[in-house]
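Welcome! Let us take a friendly walk through one protein model and look at how its side chains meet.

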Amino acid sequence: MALHVPKAPGFAQMLKDGAKHYSGLEEAVFRNIKACKELSQTTRTAYGPNGMNKMVINHLEKLFVTNDAATILRELEVQHPAAKMIVMASHMQEQEVGDGTNFVLVFAGALLEQAEELLRMGLSVSEVIEGYEKACKKTLEILPDCVCSSAKNLHDIKEAISFIRTAVMSKQYGNEDFLANLIADACVSIFPESGNFNVDNVRVCKILGCGVTASSMLHGMVFKKEVEGDISSVKDAKIAVFSCPFDCMVTETKGTVLINNAKELMDFSKGEEDMMEAQVKSIKEAGANVVVTGGKVADMALHYANKYQLMVVRLNSKWDLRRLCKTVGAVALPRVIAPTPDEMGHCNSVYLSEVGDTQVVVFKHEKEDGAISTVVIRGSTDNLMDDIERAVDDGVNTFKVLVRDKRLVPGAGATEIELAKQITSYGETCPGLDQYAIKKFGEAFEAFPRALAENSGVKGSELISKMYSAHHEGNKNIGFDIEGEGPAVKDMLECGILDPYLVKYWGIKLATNAAITVLRVDQIIMAKPAGGPKPPQGKKDWDEDD
């Protein structure tokens with residue numbers, strides 16, 4: 001029997017072989033802070049209009065070239081448990097407001113960096129946390145004072161463009177005016193008087209070729225599909241939608257048929273043909289002239305559809321089918337039967353068109369207040385179109401946030417410097433050790449203008465001192481002028497660079513919570529990973545089963 005080797009006394013004694021544990025400031029807290037700082041540094045260079053792109057290749061070897069923090073994090077699959085917390089906070093920001101994910105990462109990273117300095121100076125973790133909590137509460141009280149304007153009428157396209165432009169600018173600098181115009185048009189056309197705006201109602205269709213400026217907006221839906229039959233366009237379309245294959249019913253039972261002569265063979269298939277013809281004829285007589293099916297289209301059904309002048313479109317995705325039903329006001333029928341007038345959808349025209357060398361089927365509404373609008377994106381590469389799609393997504397989400405809360409704060413670091421100024425002076429008035437943490441919380445806000453400046457190739461310290469002096473004179477809306485020479489500053493309200501209030505509110509709240517959660521950890525205990533030993537990676541000398 002093998003000799004039992006006793007384990008070292010202490011915590012390791014209680015755990016299985018292969019388990020790891022780290023404890024104390026040096027091993028746990030600083031290690032976590034370092035991981036979160038690394039993550040924050042990665043996305044920080046992608047912040048703002050002049051942010052650099054990241055080239056990410058995910059586990060399926062799909063290539064992403066983007067400066068959108070949400071996409072970068074989603075594809076990176078961060079493994080470190082503390083860094084994962086910050087990633088979760090940015091995902092929450094994405095779900096809550098749809099924009100400002102990089103804001104959360106940069107701010108949480110800056111807070112942890114400042115916390116590390118305080119801990120090395122000798123403050124205890126609980127004092128830092130208490131200070132951060134106080135400062136966060138105070139920040140959210142001060143934030144409404146930074147509001148410089150609010151959206152008056154979101155049904156006005158010109159006004160909507162000015163708000164969406166800032167969100168698009170950080171993703172697609174140079175094309176922001178053109179894209180903001182498209183997005184505003186798409187959002188306003190489906191924004192009902194009742195005020196319920198659904199992000200899912202703005203669809204995106206990406207078609208390779210041409211350039212970004214050839215993109216367009218349509219009321220209705222566009223599918224990258226071809227029509228099945230001969231008829232390729234219908235005006236004033238009455239649409240029957242089936243979620244089943246466009247085919248005749250097949251019996252469950254199997255049978256054997258004995259055919260003695262040619263006449264019996266002819267009669268055998270005739271019954272099926274007559275039944276199929278009757279079904280197609282009944283659909284036509286119900287008034288439908290377009291059939292949309294969610295399954296395969298049988299040859300015989302297609303033959304009769306052509307005979308009765310029915311246009312047939314096949315959609316493989318059940319989501320597309322549902323959205324189409326919503327657009328045209330149809331009900332998806334589970335069997336091939338004649339639809340009632342209530343179950344049929346209607347739109348002005350359905351036609352097959354060619355964009356570039358891609359065939360598309362367009363379901364078009366002429367009226368403005370359609371249920372769904374589609375932005376058709378053109379671009380020279382798939383990566384470029386994916387990035388434009390993300391910009392469209394951010395623009396639409398900005399519109400949705402403004403529907404919820406119409407307040408706006410100045411962008412380009414103006415709000416952050418104002419908050420930094422006020423929080424630092426609030427820290428001066430606080431007794432106790434947590435005042436140091438409150439001041440550092442204020443300093444953490446400087447990370448944003450500094451990131452904007454460094455990404456634009458300007459000295460961050462010069463810009464921050466210029467902005468502070470402008471804010472001390474009472475100019476709350478002064479931010480970094482990206483297009484100016486060197487560290488130039490400008491009034492953001494006049495330039496129209498405004499951020500929605502809710503993006504900042506949730507960003508500050510979520511980033512502070514994430515940073516505090518990371519700081520509260522004083523021990524990391526990792527059990528032994530499940531599963532046996534990993535198989536050897538190199539299969540060089542193994543026999544392959546042919």
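How many salt bridges does a search of the whole structure find? The search finds 16 salt bridges, where a salt bridge means a side-chain nitrogen of Lys or Arg within 4 Å of a carboxyl oxygen of Asp or Glu. Before we meet some of them, please note that this is a predicted model, in which local features need pLDDT of at least 70 and side-chain atom pairs count only at pLDDT 80 or more, while totals for chains, interfaces and linings use all residues. Residues are numbered from 1 along each chain as its sequence is written, and side-chain values use heavy atoms, with hydrogens and water left out.

**Charged pairs**

Side chains of opposite charge can pair when their charged atoms come close.

| Salt bridge | N to O distance |
|---|---|
| R120 and E116 | 3.0 Å |
| E389 and K206 | 2.8 Å |
| K504 and D499 | 3.0 Å |

R120 and E116 sit in helix α4, four residues apart, which is about one turn of the helix. Helices (H or I, at least four residues) and strands (E, at least two) are DSSP runs, numbered from the N terminus.

What does the pair of E389 and K206 tie together? E389 belongs to helix α11 (residues 382-404) and K206 to strand β5 (residues 202-208), so their pairing ties together parts that are 183 residues apart in sequence. E389 has a relative accessibility of 29% and counts as partly exposed; K206, at 24%, is also partly exposed. The cut-offs are these: buried means under 20% relative accessible area, exposed means over 50%, and partly exposed lies in between (1.4 Å probe, protein chains only).

**The nonpolar interior**

In soluble globular proteins, nonpolar side chains tend to be buried together. A nonpolar core is a set of buried Ala, Val, Leu, Ile, Met, Phe, Trp, Tyr and Cys residues joined through side-chain atoms within 4.5 Å. In this model the largest nonpolar core has 71 residues, and F107, Y132, F441, I508 and L519 touch the most other members. Helix α4 (residues 101-121) gives the most to this core, with twelve residues. Apart from it lies another core, made of 32 residues, including V202, A391, F399 and L408.

Which residues does Y132 touch? Leaving out residues up to four places away in sequence, Y132 touches L111, Q114, A115, A437, F441, T512, I516 and L519, where contact means heavy atoms within 4.5 Å.

**Aromatic rings**

Rings of Phe, Tyr and Trp (its six-membered ring) pair if their centres lie within 6.5 Å; planes under 30 degrees apart count as stacked, over 60 as edge-to-face and the rest as tilted. By this rule the count is ten aromatic pairs. One of them joins Y505 and W506, which are edge-to-face at 5.7 Å centre to centre, with 90° between the planes. Y505 is partly exposed, with a relative accessible area of 21%, and W506 is partly exposed with 21%. Ring pairs also link Y47, F103, F107, Y132, F441, F445 and F448 into a cluster.
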